[in-house]
Amino acid sequence: LTPSDVEREFASFVEGTEPRLLRALVGAFGSEVGREATSDALAYAWEHWGRVSEMDNPVGYLFRVGQSRSRSYRRERVWFPEVPPHDLPDVDPRLPAALRQLSRMQRAAVVLLFVEELPEREVGVALGISRATVRKHAARGLAKLRKALGVSNVE
Amino acid sequence: MSNDVISQLRTYLDFASGESVEETMAAAPSAKALVRWYQRGPVLAVAAGLLVLAVGVPALLLSSNAGTPLGSELPEPLDVGVERVWPDAGFVGGPDDIASGFAEQALGWMNVETVSDPDATPDGPVWTTIRHAGSPDLEVLSVPIGDGRRVLMQVGSSGHTVGPSDEGVGQRIGIPRVPTAESAILHIRFIEPDRVEVIRASASDLEQGQVDVASDSLIGGIVVVYLDERGEAVTSTGGHFGPFGSPPAPEGSSTTLAEGSEQASWPRGSGFEPGDPRLFFPTIVVDEGLATLEVLFLDGSSVEMAWPSDLDLVSGGLRPYSVAYMMSLQGDHGIFRDLTVERGDVVEMATRMGAPNLVASYPDGRGGSVGYWSGGQDSGGVRHLSYQFGGWALLVPDWPGAGGMSEEEREIWAMHLHGEETEDGLLRLTLDQPLRFDYDWMTVYLESPGGTVTLDLAECSPTYEEAFEQTQIWCDESGHLIVQVTGDKDFRERVRADLDLVAIDPSDEFGMREEES
């Protein structure tokens, strides 16, 4: 591959990966830290492109990188913006407060497993926990969200 | 239905990914990140440029009144520090030497007269007055950092603030007004990526008392040099922010490495070089070639470690670290605070961290009090609640304005955070409701010439292990401890092979937290 091929490859990778990674890290660490961590994780991906480009599913791996780098952004709070009713009419305005009630591990597990639909094994590697624990965190996190939003516990 | 919840969550996270604290950004979600990428250097600028093409975001988002970017007419960047003002690497000499050195290197003042506080302890914090013909006296505070070096912790009245820019991108730096100045040079130390940028503030900026910078990177320290109409230094202010984690090892610090090892330095996990008196030096039991030590985390969790006594694991000292939090009294966000601990006197520590003035005192509920220290009149810098537990000093940072605590919230932190020095000399903290430990960060750093061993209390998969750069990281078989070794290759391999974590005893709070989660 020529340098320009690599650059095109990476740009394509970012286009496909960034939204998912951003959702996952923002979900886990809040809007501000999540975006910082996403930026760092993608920078890491570029710096280690040879290795990252070989991965079947790099989102989980880069989530871990972002999680690690998030330690550099020790902000005073996990911040989720309020829901603007006109822009997001289908989103319950209680959702930000509900997210804050979850532990970081629960938020991360819910987002990676249910929103990004990563396999349990990938989520476990990303979070450094067993598959059983992934299921536990995700289930409890989702149950808390349902309860906070007044959604019945029915699939 | 759960699908409704997930669908809402996906929609909401897409929205939240593009939000800033101060205002909704009209630009694409990645705009702020891309600006930061441009500042990472030429390699990443290539990637950022590609991203601009990929998502169509305008790249140049400098605010309208941003300081002038570094140009040929600007001076070389000063060695501004993190958690210290200048120089980051330390200055060899006493209080008068570093004051003269700062006057010469930062201000261009030669042959100044310096007068240090005669009542100050020579090996402690010292205020020194710099006298220069035609300029008002300038006071600087220096502290020793070992190895015959000192650093400046404050220059002049300081009073810098850092907050979000009104432009939605970057940061706004508040600087004190100096009536006789026509312009100013700002030396700004950014944390990630690590660099010092030099910008010029115009007369208009000075009148407004603020300068915008495009970067969102955390700022570690600032030196402002005020200039008259001839471009000569009138006075200076300097302050620092933090703590943000581990500052880089001082330049020139030596680490003993095995022959052929790959690199001679790496960031020290504890933030201190081995042997620094601010670390704790535990008593290690050695029996028939086996060394053992019980390490205590701040929450009272303990780990019993064993290793061959010929492996130097902790001769350089250890330091615990954690984070605590409470919900704000309005219930709208968590108040997370670093628990920065070290051996020594808390007044000296607060002074060294740029907060030498006791401005309030809160009852601790046990007949004592907790001091609240500030950087001085109108200081916009960090403030600290200060605790002394035997030979351990603990600072809980605070600051005015957004994210800072109210009077009532500070009273709660004073009343509900307690600690004791154990018989072994280690520190155990007790947090009462509504304070809680943040178990994402429950850490002990062990220092030795070969490297840093970091123990993180955390739930993890016993099969987890990875290695990168100078670091080996793995989960202990108990599933309750992540071990990280950073150092030279021989050290990493020996620690991985020979360190035996005999018994891990998580605290009740850690256990309850796991149960709740």
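Helices (H or I, at least four residues) and strands (E, at least two) are taken here as DSSP runs, numbered from the N terminus. This is a predicted model, in which local features need pLDDT of at least 70 and side-chain atom pairs count only at pLDDT 80 or more, while totals for chains, interfaces and linings use all residues. Residues are numbered from 1 along each chain as its sequence is written, chains are lettered from A and ligands numbered from 1 in the order in which they are written, and side-chain values use heavy atoms, with hydrogens and water left out.

**Two loops with positive phi**

Select B:Asn111, which sits in the loop between helix H4 (95-107) and strand S2 (113-116) of chain B. Although B:Asn111 is not a glycine, its phi is positive, at about 55 degrees. Is this residue, B:Asn111, buried or exposed? With a relative accessible area of 80%, B:Asn111 is exposed (buried means under 20% relative accessible area, exposed over 50%, and partly exposed in between, with a 1.4 Å probe and protein chains only).

Next select A:Glu117, in the loop between helix H6 (104-115) and H7 of chain A. A:Glu117 is not a glycine either, yet has a positive phi of about 55 degrees, and with a relative accessible area of 60% A:Glu117 is exposed.

**A helix pair in chain A**

Continue to helix H7 (residues 120-127) and helix H8 (residues 131-149) of chain A, and ask at what angle their axes cross. The axes come within 8 Å and cross at roughly 90 degrees, where axes are lines fitted to C-alpha atoms, for helices over the stretch in contact, and angles run from 0 to 180 degrees between N-to-C directions. H7(A) and H8(A) are therefore roughly perpendicular to each other, a term that covers angles of 65 to 115 degrees. To see the contact (heavy atoms within 4.5 Å), show A:Glu120, A:Arg121, A:Val123 and A:Gly124 from H7(A) together with A:Arg131, A:Val134 and A:Arg135 from H8(A). By class, this contact of H7(A) with H8(A) has two nonpolar, one polar and four charged residues (Ala, Val, Leu, Ile, Met, Phe, Trp, Tyr, Cys and Pro count as nonpolar, Asp, Glu, Lys and Arg as charged, and the others, Gly among them, as polar).

**Chain B as a whole**

Now select chain B, which has nine helices and 29 strands and of whose 517 residues 57% count as buried. Colour chain B by pLDDT, the predictor's confidence in each residue, from 0 to 100; the mean is 76, and 76% of the residues reach 70 or more. In residues 20-72 of chain B pLDDT stays under 50, and the model has 106 contacts beyond four places in sequence for them. Residues 242-264 of chain B also stay under 50, with 50 such contacts. For the complex, the predictor gives an ipTM of 0.88 and a pTM of 0.47.

Select B:Pro87, found in strand S1 (residues 86-92), and inspect the peptide bond from B:Trp86 to B:Pro87, which is cis, with omega near -20 degrees. Another cis peptide bond joins B:Gln433 and B:Pro434, with omega about 15 degrees, and B:Pro434 lies in the loop between strand S23 (427-431) and strand S24 (436-448).

Finish at B:Arg383, in strand S20 (residues 383-389) of chain B. Leaving aside neighbours within four places in sequence, B:Arg383 is in contact with residues including B:Tyr372, B:Trp373, B:Val396 and B:Asp398.

Terms used:
Parallel < 35°, antiparallel > 145°, perpendicular 65-115°, else oblique.
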